[in-house]
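User: I would like to go through this model with you and ask, for each term, what value stands behind it. Please set each value against its definition.

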Amino acid sequence: MSKGTKIPGYMQGKGRNPRGIIGDREIRYKCSLQNTILDVLRGRPGWQEVPGQNNVQQNVQANTKQQGQQSTGQPPSNTGKAGSGTTTTQGTTFGNKASDGDWDFYWCDREWLHQNYDTMFLYEHQKILHFRNHYELTRKNLMVKNLKRLKKQTEREQGKAEGLSFEFFPTTYELPSEYHIFVEEFKKNPGIIWIMKPAARAQGRGIFLFRRLKDITDWKKGEYQPLSDPNRDAPETYVVQRYIENPYLIGGRKFDVRVYVLVVSYNPLKVWLYRSGFARFSNTRFSLDSIEDTYVHLTNVAIQKNAPDYDPDKGCKWSTQQLRKYLSAKHGVDAVRKAYKGIDNIIIKSLQSVQKIIINDKHCFEMYGYDILFDSDLKPWLIEINASPSLTASGKEDYELKFGLLNDLLNVLDLENRLTGKEKRIGGWDLLWEDGPILADDGNMECVPNGNTTTIPNSFLGCHNDRKRQLRELYMAAQSVKKT
Ligand code: ADP
């Protein structure tokens, strides 16, 4: 776009617009990752990659210099800056370079956003991955802190019984800050197993299980005295969490479920849930006899693929459709529906716990990967939430899942302006919440026998994902609505 050109309003394409055009030009994207998301963006009709690696970065710096501002690491006081267009407080127009006009969509990494968000200007039409302080939900210690706070507030305002709806995260303490409270709790429950996890690491790194306080005091000595990492000047934050000793087992193996959730706004809260995902199995039969064996207890693919008997062809995944079918055959549709309602509750409560803290910005969206573990009573537990769930495919099926997931995400964001904005289902995404629960429509009841749509939530995790057919019908319907 040439300097000073007025960008046509966001989503101003008229009528059906399959080629991806904003107003009078094609949609331009940037992408920090080299995996499925890049394939999806490159394959999207009419979307154009912005050439060059660092032009966004350079122009942010240029803008910062012009303003004479320093990044404070804090949110800008004028968070309405985004969308406020191109004018500084001095009234200078950045008529602009790459950061403002040259891209419409940016799949950036979290580090990039941290470094640049506070000094960045976003035009009305721009969409960018991640909210500024996503870590409030995705760092293990902060997630629990926020959940505990909302639980207390709910108990205060609505009574203890309501607080019970928060009983989905295992008892957790932050270390070293809550070490003494943890020790008290530890002594009250002799013999149980605890799991130690670094608060900000991923892929099972640094995790271990223990039963005796001595194990953790030995570890404490090694970790903290002296500090084992010379680059650190304070002990790393960990969480210590009650270990779920009775996981639901299939074929004697433990698994957890990866659930994809899309938040397009925190205020009002608007949340989509993807039908497809997968269960990740451990490679070795579950037992509490060998708590030091990570192949038994940690279901991360990053861990399991190093197991000596790991079979890359068989992998260790099931689709959520396979899982729901299996559980329904074993326990009945109603029991499974109840269990999956628990997952909806986890999603909504966890997002509400940070709703007032996350810096809401209409340019930002987030696709979370929730890790859910069922116990032997089919009760779902929240293990953690990722803001950058892996988009690298582990095989053909995984690639198809992720390709569809990401394409449908772009369909929900609808930069092409092909939809009406009133949809409850777009491809594999179902609208779960928009400032309140969404109820299902007729014709969407595969997992619900004798469905009564006045009470069934619009939530279909693990149900049939006939996304291509649904999209075809959806776009045809939207086109005729738009014509009238
Ligand atoms: P990471 O971010 O390193 O993946 P997680 O919190 O997701 O850390 O834990 C890794 C794995 O450990 C999980 O996928 C799960 O299999 C297991 N796990 C974690 N916490 C618990 C727990 N409280 N009870 C049982 N298993 C757990």
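User: How many aromatic pairs does a search of the whole structure find, and what makes two rings a pair?

Analyst: The search of the whole structure finds 25 aromatic pairs; rings of Phe, Tyr and Trp (its six-membered ring) pair if their centres lie within 6.5 Å, and planes under 30 degrees apart count as stacked, over 60 as edge-to-face and the rest as tilted. This is a predicted model, in which local features need pLDDT of at least 70 and side-chain atom pairs count only at pLDDT 80 or more, whereas totals for chains, interfaces and linings use all residues. Residues are numbered from 1 along each chain as its sequence is written, and side-chain values use heavy atoms, with hydrogens and water left out.

User: Why is the pair of F131 and Y266 called edge-to-face?

Analyst: The centres of F131 and Y266 are 5.0 Å apart with 85° between the planes, and since centres within 6.5 Å make a pair and planes over 60 degrees apart make it edge-to-face, the name follows. F131 lies in the loop between β6 (127–129) and α5 (135–138) and Y266 in strand β12, so the pair ties together parts that are 135 residues apart in sequence; strands (E, at least two residues) and helices (H or I, at least four) are DSSP runs, numbered from the N terminus.

User: Which residues surrounding the ligand are the closest, and what is the make-up of the shell by class?

Analyst: The ligand is surrounded by 24 residues, the closest being K197, G204, T299, N300 and E384, where a residue counts if one of its heavy atoms lies within 4 Å. The shell has 8 nonpolar, 6 polar and 10 charged residues; Ala, Val, Leu, Ile, Met, Phe, Trp, Tyr, Cys and Pro count as nonpolar, Asp, Glu, Lys and Arg as charged, and the others, Gly among them, as polar. Strands β8 (194–198), β10 (238–242), β12 (253–266) and β17 (380–386) each supply at least two residues of this shell.

User: Where does the cis peptide bond from L175 to P176 lie?

Analyst: Omega is near 10° for the bond from L175 to P176, and P176 is found in the loop between β7 (172–175) and α8 (179–188).
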